[in-house]
Amino acid sequence: ESMQRLAADGLVVSRRRRWQVYEHSKQEIEEIYEVRLALEGYAARLASQRITDAQAGELARLREPAPADGRLTVRVEHNELFHNQLVAIAGNDRLASMLAHNRSFAFNRQVASLYTPDDLAVSGAQHTRLVEAVLARDGDTAEQIARQHIQSALEIIIARLP
């Protein structure tokens, strides 16, 4: 049943009675990230309009990037926590559901391994600027930064995937 669910999400395929992890084409990756551009950009706008004082404190703690000590798992977990928190603050369950379904090729270990230390620094700075825009309740800037952040990720992935 679990494998059937993964297959329904497009993460695995059955070939000759064996399950294999599905590898997205560059075209599919571009499409996934184009959807992320629209949805996460709008989520950042909503978050800046709906953030509570309690949520602001939680988001401010995520402003700092993950430790750059080479552990991919820590970076991936921090990135996922950051993006999930931003979407939760947006307060739109349907939007959150659509983003969760579209995360089949998000910042996972494979994608994280494509980033150089300079790329990670840029990504961390984008996170910081995004948090600052949301905390300032500046929806235009928050949406713009979120879109730039996802566009940068897409460019890294397309340029470096085999």
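The count comes to 1 cavity of 30 Å³ or more, a cavity being a set of points on a 1 Å grid over the protein atoms alone where a 1.4 Å probe fits but cannot get out. The model is predicted: local features need pLDDT of at least 70 and side-chain atom pairs pLDDT 80 or more, while totals for chains, interfaces and linings use all residues. Residues are numbered from 1 along each chain as its sequence is written, and side-chain values use heavy atoms, without hydrogens and water.

**Cavity**
- The largest cavity holds about 60 Å³ of space, a volume being the space filled by probe spheres set on the grid points.
- Its lining (residues with an atom within 4 Å of a point) consists of Glu 40, Ala 43, Ala 44, His 83, Leu 86, Val 87, Leu 130, Ala 146, His 149 and Ile 150.
- At least two lining residues each come from helix 2 (26-50), helix 4 (72-90) and helix 8 (139-160); helices are DSSP runs of H or I with at least four residues, numbered from the N terminus.
- By class, the lining of the largest cavity has 7 nonpolar, 2 polar and 1 charged residues.

**Helix pairing**
- Helix 3 (residues 53-61) packs with helix 7 (residues 117-135) at an angle of about 165°, the axes lying 10 Å apart.
- Helix 3 is therefore roughly antiparallel to helix 7 (angle over 145 degrees).
- Ala 56, Leu 59 and Ala 60 of helix 3 and Val 131, Val 134 and Leu 135 of helix 7 make the contact (heavy atoms within 4.5 Å).
- This contact of helix 3 with helix 7 has 6 nonpolar, no polar and no charged residues.

Terms used. Axes are lines fitted to C-alpha atoms, for helices over the stretch in contact, and angles run from 0 to 180 degrees between N-to-C directions. Angles under 35 degrees count as roughly parallel, over 145 as roughly antiparallel, 65 to 115 as roughly perpendicular and the rest as oblique. Ala, Val, Leu, Ile, Met, Phe, Trp, Tyr, Cys and Pro count as nonpolar, Asp, Glu, Lys and Arg as charged, and the others, Gly among them, as polar. On a 1 Å grid over the protein atoms alone, a cavity is a set of points where a 1.4 Å probe fits but cannot get out, and a pocket is an open set with protein on both sides within 12 Å along at least five of seven lines; lining residues have an atom within 4 Å of a point.
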